[in-house]
Structure formats: structure tokens, C-alpha cells
Amino acid sequence: LLCRLSFVVLLASVPGGVFNGWLPVLAPNLAQFGVGEIEAAWVGCLATLLGAVGGLVFGRLLDVWPGKLKEMMLVCLALSSASLG
């Protein structure tokens with residue numbers, strides 16, 4: 001049980017750590033595009049909140065459609081790739 005718990009904690013903390021590591025440099029990087037510190041703070045806040053909501057929605061969809069993890073991961077990968085373009 002402890003091994004599974006530590007694995008889940010690791011999976012949850014690595015993306016959050018990477019995101020929170022880049023968050024302090026968000027305002028200086030967005031300043032190049034004419035975005036102020038207040039707007040950059042809102043971008044960071046909304047990215048965090050929408051990431052949490054997206055995780056909850058993804059978990060709920062997997063509960064509704066069990067056995068569809070691969071398909072859902074492909075959908076999420078496609079959506080994230082499309083959002084970069």
C-alpha cells in the first residue's frame with residue numbers, strides 16, 4: 001500500500017513541480033509580448049485551476065467508460081497538440 005501511495009504522490013507532484021518551477025519566470029517572459037504582471041498572474045492562476053478541473057473531468061470520464069484509458073490518453077494528447085498550433 002505504501003509503495004502505491006508513493007507512486008501516486010510522485011505522479012501528482014512531478015508535473016506540479018515542473019509547472020511551479022516555471023511559474024516565477026512567467027511574468028518576465030510574457031512581458032516581451034506586452035503582457036503585464038497582473039495578467040501573467042491571472043494566466044498562471046487560470047492554468048492551475050483549469051489543470052485541476054481537467055484532471056477531475058478526465059477521471060470522471062474514465063469512471064464512466066472503464067477500459068478506455070488508451071483512447072482517452074490519445075484524445076488528451078491530440079487536444080494538447082492541437083492547442084500548441
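This is a short talk on the predicted model shown above.

Okay, some housekeeping before the tour. The model is predicted, so to speak of local features we need pLDDT of at least 70, side-chain atom pairs count only at pLDDT 80 or more, and totals for chains, interfaces and linings use all residues. Residues are numbered from 1 along each chain as its sequence is written, and side-chain values use heavy atoms, with hydrogens and water left out.

Let's start with the overall picture. What elements does the protein have? There are 4 helices and 0 strands, and from the N terminus on they run α-α-α-α. Helices here are DSSP runs of H or I with at least four residues, strands are runs of E with at least two, and both are numbered from the N terminus. The radius of gyration is 16 Å, well over the 12 Å that the globule rule gives for 85 residues, so the protein is more spread out than a compact globule. That radius is taken over C-alpha atoms, and the rule is 2.2 Å times the number of residues to the power 0.38. If you box up the C-alpha atoms along the principal axes, you get roughly 45 × 30 × 15 Å.

Now, the surface. Buried residues make up 5% of the 85 residues; buried means under 20% relative accessible area, exposed means over 50%, and partly exposed is in between, using a 1.4 Å probe and protein chains only. The accessible surface comes to about 7,200 Å², and 76% of that belongs to carbon and sulfur atoms. Those areas come from the Shrake-Rupley method with a 1.4 Å probe, and for residues, only the protein chains shown count as cover.

Let's zoom in on a few residues. Valine 14 sits in helix H1, residues 2-22, and counts as partly exposed because its relative accessibility is 45%.

Next, glycine 44. Is this residue buried or exposed? Glycine 44 lies in helix H3, and at 5% relative accessibility it counts as buried.

Last stop, lysine 68. You'll find lysine 68 in the loop between helix H3 (37-64) and helix H4 (69-84). With 39% relative accessibility, lysine 68 counts as partly exposed. Between the C-alpha atoms of lysine 68 and glycine 55 there are 16 Å, with 13 residues separating them along the chain.
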